[in-house]
Amino acid sequence: MIILCTNDDGHEARGLRVLADVARTLGAVWTVAPDREQSASSHALSLDRPLTVAAAGPRVYHVDGTPTDCVLLAVEALLERPPDVVLSGVNHGSNMGEDVLYSGTVAAAMEATLLGIPAVAISYAGQDPAAIAAYGPWLERLLRDLLVRGDFPRDALFNINLPAVAPERVRGVRITRLGRRIYTESVARDRDGSGRVVYRIGGGRTHWSGRADSDFRAVEAGYVSITPLHLDLTHVELLATVSGWTLDRGW
Ligand code: MN
């Protein structure tokens, strides 16, 4: 099995190292990762400039681009043949609810899904990236269970969040849906060195809501959360309603 590992925290991130070590117990591993932090880069592609790839070791490459760039370059230009699976993470920080729309970690897995390659995004909800290493054996078992299945979905990816507890205190695995994360006061007004008004995005306050079976409730309760995601954003339930709005009048 050929496994491509990537992330959005950059090639030096501890979470990526843990993931690549786990992946090596499952197959032949290629790592193609951004050469710097790319968190919240979402599904951006670098169309406005050429990308540089640095070979950092056997089957290890650093790209001066986004996580999505990394997956595309890996699949179309760097690997001898397309990978059997793409693993993205382990992100330093959770990716739950609406986070998946901003996350470069999840976007890398989404890019693989678009290319027809099974993909798993993994994030750790705790504050200390050094604590991710303890999850190695746990992740190995979980990924093995997921990947040996012959029925890994072609049009979906899995978004895994590890709770902020030591692995021996994990209460189990829950299959979840996305919760709702609401940020308030996320824009701060400031002044730069020359007195000019500038704005910073980030920080602020986070409120969670969502059903009992949502990702953040599982993670908060000490479970590993696994959310199957698909990329068709069509609001299926609204199709009939909006069709009834007769928006085709006058055509
Ligand atoms: Mn990140």
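**Sheet, helices and local backbone features**

The structure contains an open sheet of nine strands, ordered S3-S4-S2-S1-S5-S6-S7-S13-S8, with mixed pairing. From one strand to the next, the twist averages 20°. Strands (E, at least two residues) and helices (H or I, at least four) are DSSP runs numbered from the N terminus. Two strands pair where DSSP finds at least two bridges between them.

The model is predicted: local features require pLDDT of at least 70, side-chain atom pairs count only at pLDDT 80 or more, and totals for chains, interfaces and linings use all residues. Residues are numbered from 1 along each chain as its sequence is written, and side-chain values use heavy atoms, with hydrogens and water left out.

Strand S1 (residues 2–6) pairs with strand S2 (residues 28–34) in the parallel sense, over four bridges. Leu4 has Trp30 of S2 as its bridge partner. Cys5 stands opposite Thr31, also in S2. Six of the seven residues of S2 are buried, so the strand is largely enclosed by the rest of the structure. Buried means under 20% relative accessible area, exposed means over 50%, and partly exposed lies in between (1.4 Å probe, protein chains only).

Helix H4 (residues 104–114) packs on the sheet. It touches S1, S5 (85–92), S6 (119–124), S7 (156–162) and S13 (224–230). The direction of H4 makes about 175° with that of S6. Axes are lines fitted to C-alpha atoms, for helices over the stretch in contact, and angles run from 0 to 180 degrees between N-to-C directions.

In helix H1 (residues 14–24), the buried residues are Gly15, Leu16, Val18, Leu19, Ala20, Val22 and Ala23. Their cover includes S1, S2, S5, S6 and helix H5 (136–147). Residues three or four places apart in an α-helix point the same way, because there are 3.6 residues a turn.

Several backbone features stand out for description. Most residues other than glycine have a negative phi, and most peptide bonds are trans. The peptide bond from Gly89 to Val90 is cis, with omega near -10°. Val90 is placed in strand S5. Glu185 has a positive phi, near 50°. This residue is in the loop between S9 (180–184) and S10 (187–191), and is exposed at 55% relative accessible area. Thr246 also has a positive phi, near 45°. Thr246 belongs to the segment after helix H7 (236–243) and is partly exposed, at 38% relative accessibility.

Gly93 lies in the loop between S5 and helix H3 (99–102). Its relative accessible area is 15%, so it counts as buried. Beyond neighbours within four places in sequence, Gly93 contacts Ser123, Tyr124, Ala125 and Gly126. Contact means heavy atoms within 4.5 Å. Gly93 and Ala188 are 95 residues apart in sequence; their C-alpha atoms are 22 Å apart in space.

Ile201 lies in strand S11 (residues 197–201) and is exposed, at 77% relative accessibility.
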